[in-house]
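Okay, thanks everyone, let's get going.

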Amino acid sequence: MTEQQPSQVPGGQEAEAASHASAEPAAGPAQAPEPDAAAAAGSVDARVPAQLTLREVDALTRPVTGLRSPLTPLQSAERARNFGSFYYMEHWLRQLRGYGWTVLMTAVGTPLVYLFAMGVGLATLVDANTDVSLDAGNGQAVPYLVFVAPALLATAAIMVASEENTYSVMSGFKWRKTYYGPNASPLQSQQLVNGHSMGVLARLLLTTGLYFLCLVLFGAVVEPTGWVMIFTAALAGMSFGLPLMAYSAGIEEDRGQFALVQRFIVMPLFLFSGTFFPLDAMPLLVRWIGWVSPLWHSTELGRVLSYGYAEPLWLTALHVAYLAVLCVVGWIFARRVYIRRLGK
Amino acid sequence: MPQTSLSHRLPQQAPAAVITARDVVKTYGDFNAVDGISFDVQPGESFGLLGPNGAGKSTTMRMIGGVSQRTAGELSIMGLDPDQHGPEVRAHLGVVPQQDNLDEELKVRDNLIVYGRYFGLPYSYLRPKADELLEFAQLTDKAKAKVDALSGGMKRRLTIARSLMNDPKVLLLDEPTTGLDPQARHILWDRLFRLKEAGVTLILTTHYMDEAEQLCDRLIVVDKGKIMAEGSPAALIREHSTREVLELRFGSERNTTVAPELGGIGERLETLPDRVLIYADDGEAALEQVSNRGLRPITSLVRRSSLEDVFLRLTGRSLID
């Protein structure tokens, strides 16, 4: 269009046509609607009678899909097979940016509120009460704030994971159906699981990282190994989040299940996982809640790392193994549910 | 690897069918949503699937789209079996689903870019491509708006723009204009027609007959998972209807009582609750015969036979059942 009828094209559109041409891959004339139709430019112009208005000329000659893809479909498919999970994670993180302010405020605000309440309020009471002994396992008592800090950190991770693996999963399948967009692309269902989980992991690490900084500021971490808690807490989030994701993906009708999860799973875990007092202080009847709870395992791990809580090495290994097994089992089930549901 | 050899073979395959379906069946439980349909789509063709709701159109589209696995039969898209080469098949296609599934949390332009990333395309291509397609979809002003802020027609155009991000040669459109007002439909038809001119193969489902007549070179009428008829709109009208239709209204009560007196006029007579249809090659002549018999309809209308007549004849009058 630039050569045949420059006088007919208004300046603005000419400039625009030129910018398209410059962005075009080198092969073929810029305005050819088909790469193989090298003569297309000529034939398109031949169709334009002189009496047409400028707008009509523009409509007839403007390439509809001018920019050619730099990849063939098979190259695209190969890239999607290799990196599809990361492409979906990119999308997920872009979504996150939409409510990035909330994410940051939650990540910083939550620890501040809890640490003031526990560290300044409750801790004063507990530490003053000599009957309560918070044994570090080596005969030395630890301040209450130090005791409770690893539990608060792991709780924050589990809260984020339960938020990201309930409503947003349901939204993808049902409310906004956002999974069905990528589902029609070369991505595979299981890559949505991977991408989503990697995105959640990124948010978890951001949350636990910031939380850890707050803990340090409040003097709630004793040992130099404490920073490893950033990862063990995130691991707790994943070990709770992945099975929850599989559960959420299987829900066809929203009948308030997520509120029930919040009330009857997340809350009891929060209260009975050795969070505010050692699990041993509980009667055996409810102690099992702690044993199955990823929160308890992560909290105990955190106590080992943060103030050198003494426990047998096999128990520490068991904590890690338990959390890892929950992740893997949750991931396998989530993949299965996604593949089944998106492939209907 | 079969892929590498295919990538060399595909360009020379141009005259071969883009889609070949042979006795394709899709079963949910013991219900055959698609019950043995066969068709071919040639490159550059506009191919329509017409049928009432629940006829199996969307299921067929999902199988062609390499998303839903078929229960039986043969299906090949660009020479590839979608059940084995899902990502490869989907990389060839642009898909406009029946229900918009844009990401409402992202801005308009970001929706396009994010989608293009799924095809492994670099940002250096995606950014100008997104701008180009926003212009094509007449959404340039809305590039930075949230999807929430768009009207139904704009969302539909954005969905079409999104389906073009990977520069596909084949576009699947599932009821592209359902729920849109007439202006929005005409804008969409114009955009689709331009794609067709640019050599893109269009496969669309619709239950708007005017849409099928506007856009489709060839179509199949599907009902209850089976193909009822196949051909170009004009050929289908020739085959299944007369050239013209005379519509007579005698008033709701009288239509059924008058109908027997109209016997022998035209080729075929159909009595509906609100009107009587006489299928005839010459509608005016038929009307003359009616008045010669001393019958005075309240209104009469002679019109050309349309695809709608074919459709309703083949799939049954929804008003009656």
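This is a predicted model: local features need pLDDT of at least 70, side-chain atom pairs count only at pLDDT 80 or more; totals for chains, interfaces and linings use all residues.

Chain A has 344 residues, and 44% of them count as buried. If you take the contacts in chain A between residues at least 6 apart in sequence, 76% of those join residues at least 24 apart.

Let's zoom in on one helix, H7 of chain A, residues 167-175. Which residues of this helix are buried? They are Ser168(A), Val169(A), Gly172(A) and Phe173(A). Looking down the axis of H7(A), those buried residues fall within an arc of 130 degrees, so they line one face of the helix. And what covers them? The cover includes helix H6 (144-164), H10 and helix H14 (313-342) of chain A. Just past the end of H7(A) you run into Lys177(A), which has a positive phi of about 55 degrees.

Now hop over to H10 of chain A, residues 229-249, where you'll find Ala249(A). Why does Ala249(A) count as buried? Because it has 26 C-beta neighbours inside 10 Å, and the cut-off for buried is 20 or more. Skipping its neighbours within four places in sequence, Ala249(A) is in contact with Val169(A) and Phe173(A), and also with Ala334(A), Val337(A), Tyr338(A) and Arg341(A). Remember that Val169(A) and Phe173(A) are among the buried residues of H7(A). There's also a C-alpha distance to look at here: Ala249(A) and Arg336(A) are 87 residues apart along the chain, and their C-alpha atoms are separated by 9.8 Å.

Okay, on to where the chains meet. Chain B puts 42 residues into the contact and chain A puts in 41. On the chain B side, H1 (2-9), H3 (86-92), H4 (108-117), H5 (123-136) and H7 (182-197) each supply at least two residues. Which helix gives the most to that side? That's H3(B), with 6 residues. By type, the chain B side splits into 19 nonpolar, 12 polar and 11 charged residues.

Staying with chain B, have a look at Gly65(B), in the loop between helix H2 (57-64) and strand E4 (72-77). Gly65(B) counts as buried because it has 24 C-beta neighbours inside 10 Å. Its contacts, again leaving out neighbours within four places in sequence, are Arg90(B), Leu93(B), Val95(B) and Leu172(B), plus Ala184(A) from the other chain. From Gly65(B) to Asp223(B), 158 residues apart along the chain, the C-alpha separation is 20 Å.

Asp223(B) takes us to a hairpin. Strand E8 of chain B, residues 218-223, pairs with strand E9, residues 226-231, in the antiparallel sense over 5 bridges. Inside that pairing, Val222(B) stands opposite Ile227(B). There are 2 residues between the strands, and Lys224(B) in the turn has a positive phi of about 50 degrees.

Last, the overall layout of chain B. It's divided into domain 1 (2-230) and domain 2 (242-304). Taken over C-alpha atoms, the centres of those two domains are separated by 41 Å. That's what I had, thanks.

Methods. Residues are numbered from 1 along each chain as its sequence is written. Chains are lettered from A and ligands numbered from 1 in the order in which they are written. A residue is buried if 20 or more other C-beta atoms lie within 10 Å of its own, exposed if 12 or fewer, and partly exposed in between; C-beta atoms are placed from the backbone. Two residues are in contact if their C-beta atoms, placed from the backbone, lie within 7 Å. Domain bounds come from an automatic or database domain assignment. Helices (H or I, at least four residues) and strands (E, at least two) are DSSP runs, numbered from the N terminus. Ala, Val, Leu, Ile, Met, Phe, Trp, Tyr, Cys and Pro count as nonpolar, Asp, Glu, Lys and Arg as charged, and the others, Gly among them, as polar. The arc is that of the directions from the helix axis to the C-beta atoms. Two strands pair if DSSP finds at least two bridges between them.
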